[in-house]
Amino acid sequence: AHLESDLRHAIHDGELQVYYQPVMNGHGQLLGAEALVRWRHPGRGLVMPIEFIDLAEQTGLIVDLGTFVMRTACEQLAAWAANPSTQCLTIAVNVSPRQFRNAGFVDEVLAIVDETGADPSKLKLELTENLLLGDVNETVCRMRELKERGVGFSLDDFGVGYSSLAYLKRLPLDQLKIDRSFVNDVLSDVNDAVIVRTILALAHNLELEVVAEGVENAGQVDFLVSNGCERFQGYHFGRPVPISEFERLHGFAP
Ligand code: G
Ligand code: G
Ligand code: MN
Ligand code: NA
């Protein structure tokens with residue numbers, strides 16, 4: 001109960017912060033970042049999303065939290081657009097099912113894009129397979145409305161949720177993100193190697209981009225590259241960090 005009222009205040013008192021983790025291609029070039037929320041709690045220090053996202057989802061606070069992250073990410077896109085060395089970068093924002101189904105979601109995203117001046121084609125919304133437990137027609141409609149404006153969609157944590165291949169075909173997706181649990185043991189577990197190869201083949205045949213998540217070492221990169229993976233995210237390439245550090249690490253600090 002404490003955490004809930006604390007979180008309610010946190011959203012309005014500026015205690016939330018957006019961290020950015022790099023997404024790279026196979027040549028080590030930066031393609032963009034995933035926005036990951038953090039909570040700077042005055043007493044507890046840095047609180048990770050695993051401790052508060054479910055609570056935010058259950059209490060509906062995820063809507064205001066999500067608005068904050070979306071606005072912050074779009075402001076960042078607009079700032080990057082002003083500089084030739086950063087204007088092609090994308091930002092991926094996690095959108096939870098409750099947030100996506102909230103009646104005002106589409107209009108709000110479009111309003112934030114307009115107000116910030118962000119290029120919507122640089123914004124990627126990460127949905128999870130749990131969204132497919134709800135009304136899929138409605139989900140497809142909302143995705144289409146945003147896609148018409150250029151917003152992209154990624155299916156996050158692919159392979160661990162409730163996805164069926166039938167939905168994969170129906171959803172207007174641009175990208176799949178291979179869940180890090182498969183990437184983690186890809187070199188030591190034959191089953192994980194087969195699963196990762198199969199996801200890569202599936203995605204390529206469906207003409208979807210693929211991001212391998214949780215890439216922690218060069219051996220995993222080699223395996224992924226040799227199986228056609230072109231996008232990577234994980235500690236091997238960079239941890240989630242505040243924007244100032246992200247820009248410094250990638251050599252475009254203002
Ligand atoms: O770094 P990490 O511990 O950041 O994030 C853990 C999980 O928390 C992510 O996999 C993601 O599902 C969720 N998460 C992180 N940031 C956000 C956010 O801004 N919105 C939503 N809905 N989920 C987030
Ligand atoms: O939204 P999603 O579940 O995909 O968020 C990614 C989560 O994975 C975040 O919690 C992020 O901090 C974490 N993460 C990112 N890269 C790595 C990695 O290389 N290894 C591990 N163990 N976790 C990672
Ligand atoms: Mn994600
Ligand atoms: Na993920």
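## Basis of the description

The structure described here is a predicted model.

## Surroundings of ligand 1

With 3 residues, S2 gives the most to the shell around ligand 1. Helix H3 (62-81) and S2 each supply at least two residues of this shell. The residues that surround ligand 1 are Leu36, Val37, Arg38, Met48, Pro49, Ile53, Ile62, Val69, Asn94, Ser96 and Gln99. By class, 7 of them are nonpolar, 3 are polar and 1 is charged.

Polar contacts to ligand 1 involve both backbone and side-chain atoms. A polar backbone atom of Val37 lies 3.1 Å from a nitrogen atom of the ligand, and a backbone N or O atom of Asn94 is 3.4 Å from a nitrogen atom of ligand 1. In the side chain of Arg38, an N or O atom is 2.7 Å from an oxygen atom of ligand 1. The protein buries 76% of the 490 Å² that ligand 1 exposes when taken alone. The space that ligand 1 takes is the largest pocket.

Side chains provide the following polar contacts. An N or O atom in the side chain of Glu216 is 2.5 Å from a nitrogen atom of ligand 2. Oxygen atoms of ligand 2 lie 3.0 Å from a polar side-chain atom of Asn94 and 3.1 Å from an N or O atom in the side chain of Glu34. Of the 520 Å² of accessible area that ligand 2 has on its own, the protein covers 79%.

## The metal site

Glu34 (OE), Asn94 (OD1), Glu126 (OE) and Asp156 (OD) coordinate the manganese ion (ligand 3) at 2.0 to 2.4 Å. The spacing of these donor residues in sequence is E-x59-N-x31-E-x29-D. Because Glu34 lies in strand S2 and Glu126 in strand S5 (residues 123-128), this pair ties together parts that are 92 residues apart in sequence.

Asp156 also bridges the manganese ion (ligand 3) and the sodium ion (ligand 4). The two ions lie 4.1 Å apart.

Notes: Residues are numbered from 1 along each chain as its sequence is written. Chains are lettered from A and ligands numbered from 1 in the order in which they are written. This is a predicted model: local features need pLDDT of at least 70, side-chain atom pairs count only at pLDDT 80 or more; totals for chains, interfaces and linings use all residues. Side-chain values use heavy atoms; hydrogens and water are left out. A polar contact is a pair of N or O atoms within 3.5 Å; within protein, one must be able to donate a hydrogen and the other to accept it, and residues adjacent in sequence count only if both atoms are side-chain atoms. Accessible areas come from the Shrake-Rupley method with a 1.4 Å probe; for residues, only the protein chains shown count as cover. Donors are N, O and S atoms within 2.8 Å of the metal (3.2 Å for Na, K and Ca); water is not among the atoms, so sites may look incomplete. Helices (H or I, at least four residues) and strands (E, at least two) are DSSP runs, numbered from the N terminus. A residue is near a molecule or strand if one of its heavy atoms lies within 4 Å of it. On a 1 Å grid over the protein atoms alone, a cavity is a set of points where a 1.4 Å probe fits but cannot get out, and a pocket is an open set with protein on both sides within 12 Å along at least five of seven lines; lining residues have an atom within 4 Å of a point. A molecule sits in a cavity or pocket if more than half of its atoms lie within 2 Å of its grid points. Ala, Val, Leu, Ile, Met, Phe, Trp, Tyr, Cys and Pro count as nonpolar, Asp, Glu, Lys and Arg as charged, and the others, Gly among them, as polar.
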